[in-house]
Amino acid sequence: MTPQPLLEVRNLSKSFHGRRSGDAKVMKAVDDVSFDILPGETFGLVGESGCGKSTTGRALLRLIEPDSGSVSFQGQDLLKMPRKQLHSTRRQIQMVFQDPYSSLNPHRRVGVILDEALKIQYRLPRKQRTERVHRILDRVGFAEDYYYRFPHEMSGGQRQRIGVARALIVGPQLIICDEPVSALDVSIQSQVLNMLHDLQVELGLSYLFISHDLSVVRHISHRIAVMQKGRIVEQGPTDEIFSNPQHPYTRQLLDAIPASHPRLARERRTALTTPVS
Amino acid sequence: MTSFAPRSPLFPGMTADRRSLQLRRIRNNSQVMTGGSILLLILLIALIGPLLTPSGPYETDTPNRLLPPSTTNWFGTDNFGRDLFARVVSGSHVSLMVGFSVALITSGLGLVIGLVAAYFKTADRILMRILDGFMAFPAILLAIAIMAALGVQTENVIVALSLVFTPYVARVVRSSALVVKEQTYIESLRAQGASAYRVLWVNIAPNVLSPLLIQATFIFADSIITEAALSFLGAGVPPPEPSWGNILFDGKTLIFSAWWMTVFPGLTIMLVVLGINFLGDGLRDLLDPRHKSIRK
C-alpha cells in the first residue's frame, strides 16, 4: 500500500562538542532522528529555534557531517557515498535557504548565479545553459531582463524566488526548504508558498519543509514531524497532529499559535484551566 | 588603479545610473580627491621632471658643490655638485617603482595565502604560524636581515619588502574571507556541489578585493618609507643610483651646512606618503561602510 519512500532517514545523530573535543559539554543537536519522505510529498519539520531542525536538513546534504545513522535516497546511502557520486546526487536534492539576503552573492548577477548552479552540475554549451536559465526565470515569474539584475536590486520575496529557481534549475526531486519564508512579510510568504505548491503539483517534487511557524507548515505539509531538543517527539499526517496531538510538547506548540478570534482564545483558556474530571 | 580586479571593486556590479552615483561619491570624497591630486602631481613631476633639470642626476660639478637653492638649481646641489632636484626626480622613479612593485607582489601573494588559509583549516594553522613568525620581527629589522642575506641591490629591496609586508596583506584577506565564507551563498554553493576552486576564486575572491585594495595603498606608502629607511641605513638602493633614502643619507653629515640636502627629499617622502594615505583612507570610507569616518 505504501509507495517506496524517496528519502529514508534512520537514526541520524549529530552532536557538537565544546571548544575542544573531549569536552564534557556535549550538545546533541540531532538525536536518533528517523523519518521518510514519499515522492511528491511535503514533509514538515517543526520545532522551536535551536531544536535541531536546520542541523537535520544540513546533515542530510552532508553540509554538516552527521556522526551516525543513514540517509538513503532512492535506496542509496548518502552518508557512505563516494565524493563523485555524491556530487551527481546533488542534482536530485537541492536546498532553499532562510535568508534571501545572504543566500545570493552580492557581486553576481542573477543570471550568472543561476548559470553557475547549472555549470556545477552539467557540462552544457553556453547557449543551452542560457536558454535554461531564461526558462527557469520565466517559470518563477520573472521577465527576461531580470537576468541582468543584481540581488540588491530585488525585494526579499523576489530574491527568495531566485533561491527557488537556483534549486530548481538542476532538476531535483527533493528540495530541502530551510525556513524559506520566515524572513519574508506575511503577504509575500503566501506568494512564495503558493509557488512552491504549484511547482510540486507540476513537477512532482518532494519537500522537506523546515519551519518554526506552525500555521505555515500546516498550510503546506502532508505530514509533520515535531522536533524537540534534537529528537522527533511525534510525527504523523498534518490533520492528525493538529486535531489530536499526542505529545505534551506538541500541545504546547499548538497552544502557542495566536487564536484567530477572541472567542476561540477564551475557549482555549477555559479548556486549559478546567481540571480533567 | 583597479585594473587588476575582474570586476572593479569600486563598482561591485552596478547599473549605469548607480555607477554615476558612485563617481559622484568619489568626487565628493575630499580625501580621495586630495590624495589623488598629490599623487598625480608627483607622478607628473617624476615623468617630466628630467626635462626641467639643468644637469643629469649623475653629473658631478665639483666647483658648484653645496650650492643653496636658486633659480637654476631649484633644490640646490649636493656635496659632489650634482643637481639635487634631478636626483630627487630620479630617486622618485626608484621609490615609486619599489613601492608599486611591492604593493603589487604583496597583493598577489597575500590574496593567495589569505584565501587558502581562510578556506582550508590545516593550511590555516601552518601558514598563519609562519606569518606570525615573520610579523614578530620589526619590519625594518627583518628587511635589513633579508637584504644582508640577498645582497644590496635594488631588485632585492623589492624582494625583501615584499616578504616583510605580505603577512599584513594575507591577514586582511584572510579575515575578510572568513566573514564571506560564513555567508549562506557559500553554503549554498557547497550544497550545489561546487568545487573548492569555484567557491574560493570565483565567489569569495571578488568579495575581498575592496579591503585588499585599501591595504595595498597603505603597503605602497609603507614600502616607500621603509625603502627610504633601508637606503638611509645603507642596506637599500646602492649609490650612486639615487633614491630618496640615500640622498637623505648623503645629506645627514651636512645637515647644519646644507639643510636643503635633507629637507627636500624629506619633504618629498612626506608628501607622497601623505597623498597615498589620504587616498587609502578615502577609499576605505568609500568601500567599507564599517569604517565610516566620524568627521563630516
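This report describes the sheets, the domain interface and the salt bridges of a predicted model.

## Domain division

Chain A is divided into two domains. Domain 1 of chain A comprises 1-92 + 173-245, and domain 2 of chain A comprises 102-171. Taken over C-alpha atoms, the centres of domain 1 of chain A and domain 2 of chain A are separated by 24 Å. To the contact between them, domain 1 of chain A contributes 18 residues and domain 2 of chain A contributes 14 residues.

## The four-stranded sheet

One open sheet of chain A consists of four strands in the order S2-S1-S4-S5, with antiparallel pairing. Strand S4 (residues 68-73) of chain A is joined to S5(A) by two bridges, the two strands running antiparallel. In this pairing, A:Ser72 is found opposite A:Asp77 in S5(A).

Helix H1 (residues 53-60) of chain A packs on this sheet and touches strand S1 (7-17), S2 and S4 of chain A. The direction of H1(A) makes about 115° with that of S1(A).

## The six-stranded sheet

A further open sheet of chain A has six strands, ordered S6-S7-S8-S3-S9-S10, and its pairing is mixed. At its edges stand strand S6 (93-96) and strand S10 (231-237) of chain A, each of which pairs on one side only. From one strand to the next, the twist averages 15°. Strand S7 (residues 174-178) and strand S8 (residues 206-211) of chain A pair in the parallel sense through five bridges. Here A:Ile175 stands opposite A:Tyr207 in S8(A).

H1(A) packs on this sheet as well, touching strand S3 (42-46), S6, S7, S8 and strand S9 (223-228) of chain A. Relative to the direction of S8(A), that of H1(A) makes an angle of about 145°. Helix H9 (residues 248-255) of chain A lies across S9 and S10 of chain A, at about 105° to S9(A).

The size of an interface is often given as the accessible area lost when the parts come together. Between domain 1 of chain A and domain 2 of chain A, the buried area is about 1300 Å², with 62% of it given by carbon and sulfur atoms. On the side of domain 1 of chain A, the residues that lose the most area to domain 2 of chain A are A:Arg91, A:Met195 and A:Leu199, which together account for 41% of what that side buries.

Five residue pairs are in polar contact across the interface of domain 1 of chain A and domain 2 of chain A, with both residues at pLDDT 80 or more. Helix H2 (83-89) and helix H6 (186-203) of chain A are the elements that give two or more residues to the side of domain 1 of chain A that touches domain 2 of chain A. H6(A) gives the most to that side, with nine residues. One salt bridge is counted between the two domains of chain A.

## Salt bridges

Side chains of opposite charge can pair when their charged atoms come close. Over all chains, the structure holds 18 salt bridges. One of the pairs that meet in a salt bridge is formed by the side chains of A:Asp67 and A:Lys14, at 3.6 Å from N to O. This pair links distant parts of the chain, 53 residues apart: A:Asp67 lies in the loop between H1 and S4 of chain A, and A:Lys14 lies in strand S1 of chain A. The side chains of A:Arg139 and A:Glu202 also meet in a salt bridge, at 2.6 Å from N to O.

Methods
Residues are numbered from 1 along each chain as its sequence is written. Chains are lettered from A and ligands numbered from 1 in the order in which they are written. This is a predicted model: local features need pLDDT of at least 70, side-chain atom pairs count only at pLDDT 80 or more; totals for chains, interfaces and linings use all residues. Side-chain values use heavy atoms; hydrogens and water are left out. Two strands pair if DSSP finds at least two bridges between them. Contact means heavy atoms within 4.5 Å. Axes are lines fitted to C-alpha atoms, for helices over the stretch in contact, and angles run from 0 to 180 degrees between N-to-C directions. Domain bounds come from an automatic or database domain assignment. Buried area is the accessible area (1.4 Å probe) that two parts lose on being put together, summed over both. A salt bridge is a side-chain nitrogen of Lys or Arg within 4 Å of a carboxyl oxygen of Asp or Glu. A polar contact is a pair of N or O atoms within 3.5 Å; within protein, one must be able to donate a hydrogen and the other to accept it, and residues adjacent in sequence count only if both atoms are side-chain atoms.
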